[in-house]
Amino acid sequence: MHEGQIDLLPGERVIWAGTPVRRPLFNPGDYFNVPFGLLWLGAVTLFFFYNHETAFHTVAWIVLTVAGVFHLAGRPLIRYLRLASTTYAVTDGRVIATSSLFRRKEESAELAGLADPVVTPGPGKTGTITFGRLGVLAWASANFGAGSGKDRKPPVILVGVSEVAKVREKLAKAVDEARQRQQSAVGE
């Protein structure tokens with residue numbers, strides 16, 4: 001990835017940039033999403049099994065079943081395809097993930113406000129980097145693009161990173177330096 005593909009802030013410099021080398025179809029959030037989708041499909045089927053008298057009921061059953069199937073299979077597939085167009089960048093102030101499956105989408109977070117990077121190892125020297133340990137519900141909300149907190153911003157997650165241990169070290173150093181810069185700016 002070239003610096004020209006990243007919208008840099010004035011004075012910002014790139015420390016590391018890369019793309020996913022591995023694209024997992026499922027992530028930990030699917031431990032919540034898959035059972036929820038199956039429960040949804042079961043409830044929809046049972047309800048409409050006993051309530052199928054009108055054309056409205058039949059159409060509603062079809063629409064809700066399609067929504068459940070999309071929840072189970074469509075979201076992981078779209079996430080998988082989006083990773084093919086994803087680029088990551090770590091600057092001296094932010095971590096950025098940009099993808100462009102249907103439209104350009106950029107997620108970024110200030111390094112100084114992030115928890116320490118945590119690696120979830122994958123096959124070989126690949127893995128996923130999160131900032132702090134994310135629980136299943138945080139992963140599930142990231143799947144929906146909802147996130148947590150007042151601004152509902154999803155967490156920045158670096159999936160399928162090559163040489164993940166080396167990248168994590170660079171990230172940890174960048175986060176520490178950003179925190180130090182922030183503390184010295186506050187102290188002045």
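Which residues make the nonpolar surface patch of about 280 Å²? In this predicted model, the patch is made by Phe32, Phe36 and Trp40. Trp40 is found in helix α1, which covers residues 30-50, and with a relative accessible area of 34% Trp40 is partly exposed.

**Overall architecture**

The chain contains four helices and seven strands, and along the sequence these elements follow the pattern β-α-α-β-β-β-β-β-α-β-α. Of the 188 residues in the chain, 39% are buried. Among the contacts with a separation of 6 or more, 63% are accounted for by residues 24 or more positions apart. The chain exposes about 11,100 Å², and carbon and sulfur atoms supply 62% of that area.

**Helix α4 and its cover**

Helix α4 runs over residues 164-187, and because its 24 residues should span 34 Å at 1.5 Å a residue, the 34 Å between its end C-alpha atoms agrees with that expectation. The buried residues in α4 are Val164, Val167, Leu171, Ala172, Ala174, Val175 and Ala178. An α-helix has 3.6 residues a turn, so residues three or four places apart point the same way. What covers the buried residues of α4 includes β1 (14-18), β2 (87-91), β5 (117-121), β6 and β7 (158-161).

One of these covering strands, β6, spans residues 127-131 and contains Thr130, which counts as buried at 3% relative accessibility. Thr130 and Ile157 are 27 residues apart in sequence, while their C-alpha atoms are 5.1 Å apart in space.

**An aromatic pair**

How many aromatic pairs does the count come to? The count comes to one aromatic pair, formed by Phe47 and Phe48 in an edge-to-face arrangement, with 5.0 Å from centre to centre and 90° between the planes. Phe47 counts as partly exposed at 47% relative accessibility, whereas Phe48, at 9% relative accessibility, counts as buried.

**Salt bridges**

| Salt bridge | N to O distance |
|---|---|
| Asp92 and Arg13 | 4.0 Å |
| Glu106 and Arg104 | 3.5 Å |
| Arg179 and Asp116 | 3.0 Å |

In the salt bridge that Asp92 forms with Arg13, the closest N and O atoms are 4.0 Å apart. Because Asp92 lies in the loop between β2 and β3 (94-99) and Arg13 in the segment before β1, this pair ties together parts that are 79 residues apart in sequence. Asp92 counts as buried, since its relative accessibility is 19% and buried means under 20%, whereas Arg13, at 48% relative accessibility, counts as partly exposed.

Glu106 and Arg104 meet through their side chains in another salt bridge; Glu106 counts as partly exposed at 31% relative accessibility, and Arg104 counts as partly exposed at 42%.

The salt bridge of Arg179 with Asp116 has its closest N and O atoms 3.0 Å apart. Since Arg179 lies in helix α4 and Asp116 in the loop between β4 (105-110) and β5, the pair ties together parts that are 63 residues apart in sequence. Arg179 counts as partly exposed at 23% relative accessibility, and Asp116 counts as partly exposed at 42%. Through salt bridges that share partners, Asp116, Asp176 and Arg179 are joined into one network.

Notes. Residues numbered from 1 in each chain as written. Predicted model: local features only at pLDDT ≥ 70, side-chain atom pairs only at ≥ 80, totals over all residues. Heavy atoms only, no water. Helix = DSSP H or I, 4+ residues; strand = E, 2+ residues; numbered from the N terminus. Buried < 20%, exposed > 50% of the residue type's maximum accessible area, 1.4 Å probe, protein only. Patch = residues over 30% accessible without salt bridge, like charges linked within 9 Å, V, L, I, M, F, W, Y side chains within 5 Å. Areas by Shrake-Rupley, 256 points an atom, 1.4 Å probe, with all protein chains shown as cover. Contact = heavy atoms within 4.5 Å. Expected span 1.5 Å × (residues − 1). Phe/Tyr/Trp six-rings, centres within 6.5 Å; stacked < 30°, edge-to-face > 60°.
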